[in-house]
Each structure stands twice: as C-alpha cells, then as structure tokens.
Amino acid sequence: MQRQLDTVDMTLNMGPQHPSTHGVFRMVLTVDGERIVAVEPYIGYLHRGIEKLSETLNYRQVITLMDRADYLANFNNELTYVMAVEKLMRIEVPERAEYIRVILCELNRIASHLMFYGAMGSDAGVFGTAFMYAFQAREKIVAAFESVSGARMMHNFFRVGGVRDDLPRDFGPIMARLIPQLRQSIEDCHNLLGHNEVFIARSKGIGTIGPQEAIDYGLSGPALRACGVAEDLRRSDPYSIYPKLDFRIPVGKDGDCYDRYLLRVEEMRQSLYMVEQALEIIPPGPVMAQVPKVLKPPPGEVYVRTENPRGDLGIYLVSQGGDKPYRVKVRAPSFCNLMALEHLLRDCYIADCVMVLGSLDIVLGEVDR
Amino acid sequence: MTALGPKEDNSLAVLLGQTLEGVAAVIEQPQGEAVVTVEPEKLVSLCRRLKEDPGLGFDYLRCLSAVDYGDHFQLVYHLYSMAYGHKMVVKVNIPLEDAVAPSVTAVWRGADWHEREAAEMFGITFTGHPHLVPLLLEEGCDEHPLCKSHPMVALRPPRNGDS
Amino acid sequence: MPWYVDITARVGAMLIFLILTVLALVWLERKFAGRIQMRLGPMRTGYQGLLQSLADAVKLLLKEDLRPANADRWAFQMAPFVVFVPIFLIFVTIPFSRELVIRNLDMGLFYIIAVSGLSIVGIVMAGWGSDNKYALLGAVRSAAQMISYELPLVLALLGIAMQASSLNLVTIVEQQRFLPNLFMQPLGFTLFMVAALAELHRSPFDIPVAESEVVGGPFIEYSGIRWGIFYLSEYVNLVAVAALASLVFLGGWEWPLLPPAAWFLVKTFALIMVIMWVRATLPRLRIDQLMDFAWKILLPLAFVNIFIVGLYRLYQWPTWTVSLISLAMAIVAAATVYHFPGGERR
Amino acid sequence: MTGAQFLFYALGLATVMGGLGVVLSRNVVHSALALLLSLIAVAGIYVLLYAEFLALVQVLIYGGAIVILLLFVLMLTRSGESPLVLDNPQKPVALVVSLLFMAIAIVSFFLTRWKLAQAPRGVDFSVLGGSLFQDWVLPFEVASLVLLVALMGAIIIARESPQ
C-alpha cells in the first residue's frame, strides 16, 4: 500500500517506562498513523558499568557481576566468565563439575525461554494467562535452583575451577519430579499460543530478516537460527560436555516472529532432553579443581564465547598478571540483537513493534551492562 | 578451544598470508587463533578483504573491544566465518591523544553499537561512522569512564542549571 | 405516587443495582481469570476475597484526582461522565422482566443503538484532552473501531427486528417463549457477539486500550475517581451488551421454573462469563486485521443474515430451514475466519 | 410553567449555548463538543414534540456519527499550527447579512398565522416506515445515491493527485 493521502508523521516516545519494552528500553518511533516510518532506539538506562567495576574487583568477585548482566540466565553468564578465566589459567575442571554446570545452564535456558514465552504472550495481548502458565513452570525451576545454590536468581555458584558445592543429595528426586512436569508445562504453553490463529496472524511474517542480513548485523542465538542459519556454539564450537550429549539444533525458515517463537519452544524441549541425559551419565567425583587461593592468571588475553539463551555471549578478558582483570568486555547477545531492531521494524505497525521486541527477547541488564 | 586443529591452523595461516600480501600486517598465533595487527589506515581495506575473500569469508563480527593499555588504545576485532568456522583476531593500535580509528560499520553493520560504545567509553573517534552519538551514557556526558585514567567514581550527569 | 418520585426511584434502584453488579463482576472476573490461569485470585479481603472490589472502589475514591498540566481541562474532566451517561441510559429500556423496567419504549432497540453510540464521544474527549500521544492513538483507534463495528452490530439486531416486526424489547422477548432467537439466527447471534466484543473493547479486540501497546489508551492519564468512572462504565457496558444479547437472542426471562428476573440474570451472567473466558485466552488482533475483519467478513455476513431473514419473512419458510441456513452460514463464517490471512503485508 | 415548558426552555437554552459555543470557542475541538450539546438539545426538543423517531435519528446520526467524524478529523489535525482567523475584512458584510436575515425571520414570524395543530400522541413506527419505504421510496433512494456520490467525490479530492 503506498501512501495515498498526505499526512503528517507523529513522533511517539516508547519507554523507558512502557510496559512492553522489557525493562528500561526506550525507542522513539516516527509513525505515519499506525505504521512505523523510523525508529531510534535509546539504551543505557540500566548501565551500571559492569565492565569498569570488573576492573576493580578480583577474579572471583567478578562472578557476582556476571549474574547481574543477563539476570534471566545467571548460570550461563557465570559459565562464560569462569570458562574465560580457566582458559587463561589453563585449569582443568573436574568432570562432575562440568556436568553440574551444563545441567544448571540448560535448566536456566528453559527458565529464560519460559520468561520469553510469558512476555511474548503478554505482548500479544493475552490477559496474563500465558504469563501465568510460564511462570508456574519457571517457579519450579527456580525452586530447584534454590535447592542447589541457595539463591533463586543471583546464584554466584560457579567457581573458577568448578562449582561451589556438589548437588544436594535430593537433587535426583527433585529432577525426577520436575522433568515430567516441565515437559507437560512446555506443551501446555505451546498449545495455548502456538496454535492460536490470532497469535499466528500477529506473528507470522512480522519482523522478518534474511540470513545474510542477520549475519551482517551480528545476530546470534534463536534470532539468527530463526533465519535458517544453523549456528549453535554448542555444536559449532563445542565446549564443556556438550559433545557427549545428543541434541538437535532447531532452525527456522522465514526469520519472523513466529519462527523465533517456535524455535525457542523447541529449544526448551531439547534442553530438557539434554538435562535428562546429563543426569543419567553424571559421574561421581570432586566438583572443584585445585586452584590457588588468589587467582593470578598470567598476562594474556582470551575471548570465550558460549551459547546463551539469547545467543552468543562472548567475554574478552585481558590480564596483566595482577589479581584483578585488566579489561573485561562483555559481548552481550541482546546488545547485538537489538541493533537489528531498526531493520526488523521496517514497515511494521505499532502493534508489531511490541511483538518484534518481544520476539528478540532482550534483557536490558545485559544490553546496558 | 579445539576448533582449529593444527591442520586448519596452517591452512588458515596460509590463506591469511595469501590474502594479506601487500598489507603491512603482523600475523601471529599465540593461542591457536590467528592474530593480525594492522595499521589504522589499512584496517577497513583489510577487513573488507577478510570478509569478501571466498576462501576466508569472515562475515561475522563476533566482538569489537577497545582496551586502554595506558600508553595506547587497542581495538580488538574478533572475527568468525559462518561458512568455515574460522576464527581470527584483528588488532589496531591507536595513540591515546588523537584517538581516531576508521569505522568498520561499512563492512559489518553489527559494528555500529560496539563502536558507539567504544567511542563514549574511551573517547575514540570512529571516522566514517554514520551516527556517532553516545549510546549508554547520558547525553552531554563528556567523560570516558572506561579509560584507565578515569577514577572509579560515580559519573556526575549534567543537571539542568549546571553551568 | 407522583411520576417524578416513581422515575427517581426506578433510576436510583437501577444505579444501585448496576454498581453492585459491577463490584460483583470485578470480583468474578478476577476469580474466574485466576482459575483459568491456575491461581486463586484475591483471597485476603473477606471470604474468598469477596470484599476485594469494595476495597478497590474505596481506594479509587480516596486517590488523588490528577490532571496533566497541559491537559484540556474541560474535555479531560468531563470525559468520564460523557462515557458513563449514555451507557447508563441504555438501561432505561432494558427489561429485567415484563414489569421490571424503568420505561418500556416502543422503539427500545433503536433507542439503545442510538444512545450507545454517544459514549465514544467521551472516549475521544478523554483521548484528545489528555495531551498524551498514547491516549490520542487509543482514542483514534477506538473511534475507528466503534464506527466499523457498529454496522455489523446494528445489522445483526436488524435481523431480529425484522423477524419480530417490532423494536420493543418486551415484545421481542415474548415472541421467544418457545424458541429463543439463538436457534433461529445462530449467524446473527455470532455476529452480534463478535461485534459486541469490539464495541466493548474486550479481547481480542481490545486494541484501543491495549496494555502492551498504548498502555490503557484514552485512560492512560486518569486516576482516582475519574478512572473509576471509566472502569465502571466499561463493566456497565459489558452488562448492557450481555443483557441485550440475552434479551434478543436467548429469550430473556421467558423460561419456566425460575422467577423471570432470575432467568434473565442467569443468561446475562453466562454470556459475561463467556466474554471473560475469551479475554483470558485470546491474544489481541492488530488494528488493520481488525478493520479487514469488520469490513470484509462481518459486514457481508451481516447482509447475508438480513437476506436470509428477509426471505423467511417474505415466503413464510418453516422455521427450521432458516435455522439450518443460518447455522450453515455461521459454520462457513467460522471456517473463513479460521483461514483468514493475517492482514496484507507489503 | 408546566414541566414540559420548563424542559423546552432549558433545552432551548442549551441549544443556544451550544450554538454560541460553536462559533465563539477558540478551540476547534471545543466547538465540535459544543455542537454536540446543541444537537442533543435539539433532539430533546424533538422528544417534547412527540417526534421520538426523529430524536433518535438525530442522536444516532448527528451525535453518534457526524460529531465523531468531526472530532476524528480535528484530533488528527494540528489546530495549533494554523492561526485562527477571527478577523477578516468581510466582517461588516457578514453583520449586515445576518441582521437582515434576522429581520426577515422576525417579520415572517409575526406575519404568519400559526395554526395550532392537535398535539399528536407520537407517531406509529410502522406508519413512518410505510411512508418512507413505500410512498417515498424513490426520493429516499435518490438521496442516498447523492450522498454516495458526494462521499466518493470527497475521497477523490482528498487523494493526492498522481504525479
């Protein structure tokens, strides 16, 4: 449809207090009626200077900051950071610790995707139902996390060289109860939204991006795989015990909101499958390697990246030999995914804008750091 | 950590050597990853070659970091090729005063916000960047908090009525 | 009894009844949605949270009545009343049973249609007067939506009027003593309910007040008692539409055993529960999809409905043929909607 | 004064006030709202005259549709940008014309011999429908056709001319 009537564009400020900007994100939309003409994103409302703070804390203390970067995928963030330090110091992690890490990370991926699901449902306009469905399932995972680390979100559980504690003795029974419940919850959630005609009408063909552009923009994670690029670091650049696990990398076709949604649902199933496998073959043994009391990596630099729920989380760590990192750069997946927003919102309606933002699943803690 | 076996290493080094002929660059492989250090002037042409060379195809900018080494800034570009799984690092050293580097947004659009962030955090000017305005910091804040010279204190944002 | 005492008593009784009903409905919606969402809903205030809506009402009454500095004073402050009064006026002619009615108008149906259209002025006033772009956007959406959905709504009611040869609600109800119009005109009923959802700004057509897009739309800047009046009118409107549907399609009070007014309330509340159920289940359509749906699907179907009823009136067809045709059309319509493409994309 | 008389004067006052509001208000949206008041008051007068159907039509068409449309258009325009023209050189002419018109109205009002009709007790709806769709169906359809043509004309005028 071309513009047939001469109209004046309106500037609409969305955020930072708008309910569906997923935190304190702000964008200034230029709209022609309901149609978006231009979008200018503004971030930084949650900037806490994690990178600067990291330079003033010792290597162990930084783990707590990583918890707070992507506050919906705490274990995954901790993992990336401790892996970076371990690589710098050439520390071998005990196998059991690796299993514990992967189990927790994959559970955290499910929890994070459930959060995405709930928020997406609310963005699409379901009056709380999708959100409540997702949160009941997520609550069970968070409770399991609490039994492991003592905290529901800010765990501070992974250590350079392993994990803080072994799994609690009743973790096996907890998981035996939890896994079937989660499997049911995921299917319930998907049945509520995934087959809903209105939801499909709202998300199919909205916010599309092609594989070439996606790579050019530096998209990663589900947002990239939804365009058909089968790029998953757990497979293409494997770390930890992922080579020992059997899983499938789902890919989308059109790179639209619906594909991103479907992909995450499938990822939840795959993660659950991985957790099951890992629980079956987890070996006994120590959970901490021998590490010096004061961590002083040799001078050098590493770049470690892992597959976060939101995509490719990279940490660039520079050491000058002291007990504090010289420079920590966090390459946050949400930060990079958000860059493509302008492209994704081309020719969208205001209502689509909410869906697109929801389907990107950004966490502002990570975008702003 | 093991994606690049010795064989691929060599082939990547060979490929890089062929591509980088005529570009004044230092190639080293300290930790399995090829690191290329280049002069700022040649950065963009090098990046373009790395991206467009059919044998290399570094089409994905994994990360763009800036580091303040006290006497100079270093810009670090972590590259990745989706097709081959190659990984490499490009480094550029720029002086502290007159910190100017060419922008690679024309090569990878994903460099956009990374460069804006580096610009405000370190005070580096990226020439050729389409929209080099503060990203995370408040408008009008002319401090560069990630510089080593910047003290670890809270930023004082400009308030209305400040003179 | 002088006439003015009589009319004041009737109107007062109706007002009190409506306010109590709305309090009950708010509680009901929260409990009902809570159950659907696998939670309990309000539990703390009174048994099963029964006093929750009362507590909310008191809170709203005591809250500060804010007005944005640049708001248009008159439009902003008058808007809640301009919305509420027309909606309340609908109840002047809604009969709860043959006698329980403020005034049984001969042109009751027409009166309801005419009066209910006025409340949109209040919404537009609120949207424009708030000096807020979200409010304006919501008001524009609301006006566009109301104008579009008024047509199928009125045409669906026209089918009933044609069949009953009357606009008097009491007459229409009395004709349904043996067979409610629902079975005569399933298509008309479907059209009416869908269009009514849009008129009520209820999910999946709650686009003008969409929380995740325009954050409450026209009501974004309101607080305290004025917001309370909007909220009240929203629920009173819900009762009005459900009451109208139960009168013209479900046969109102005309069922045996229970007292007439009780039957009427049972039917009305059943419809309200369905509307709440829809709200807790469905996502929201987009504005262009909504418009497409109104003009390309609902409106033609409404004409088909009238055509069928006209044929029936003209040729005196047996009742069951009409029911069957109408039902078939409703099914065809549902199938069409199910495969309705998600709007046109450039 | 009977109740009906009181209502008549109240409604008349509302009509006049609304009319004055339309012309005197400096805000176009306020004008539209005043117009609504005036129109609804007129509808009330129709009710007093037992023309209930006409009253309802007045509310439905003018209140529900025309004013909404007006408001819809006014909300989307930026009335602040175009200065209101309250003074123009035609003012004296307008004054003369309106005074003349008023004089004619007053004169004809007093010269006419008003026949006092028997107050009708409402019009039967079916009679109205019959006369509209049987006796006067052709003029009725012609009127709607004219409106349709006007509507299409408006759309064509509003549409940007293709360059």
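Reader: Hi! Which strand is Asp312(A) found in?

Author: Asp312(A) sits in strand S7 of chain A, residues 311–319. A strand here is a DSSP run of E with at least two residues, a helix a run of H or I with at least four, both numbered from the N terminus. This is a predicted model, where local features need pLDDT of at least 70 and side-chain atom pairs count only at pLDDT 80 or more, while totals for chains, interfaces and linings use all residues. Residues are numbered from 1 along each chain as its sequence is written, chains are lettered from A and ligands numbered from 1 in the order in which they are written, and side-chain values use heavy atoms, with hydrogens and water left out.

Reader: Thanks! Is Asp312(A) buried or exposed?

Author: Asp312(A) is buried, because its relative accessible area is 3%. The cut-offs are under 20% for buried, over 50% for exposed and partly exposed in between, with a 1.4 Å probe and protein chains only.

Reader: And which side chain does Asp312(A) join in a polar contact?

Author: That of Arg305(A), at 2.3 Å. A polar contact is a pair of N or O atoms within 3.5 Å; within protein, one must be able to donate a hydrogen and the other to accept it, and residues adjacent in sequence count only if both atoms are side-chain atoms.

Reader: Switching to the interface: how many salt bridges are there between chain A and chain B?

Author: Seven. Each is a side-chain nitrogen of Lys or Arg within 4 Å of a carboxyl oxygen of Asp or Glu. Glu301(A) and Lys91(B) form a salt bridge at 2.7 Å, N to O.

Reader: What about the area buried between chain A and chain B?

Author: About 3900 Å², with carbon and sulfur atoms giving 55%. That is the accessible area (1.4 Å probe) that two parts lose on being put together, summed over both.

Reader: Which other salt bridge has Glu29(C) in it?

Author: Glu29(C) also meets Arg279(C), at 3.0 Å, N to O. Arg279(C) belongs to helix H11 (residues 260–281) of chain C, and this pair is 250 residues apart.
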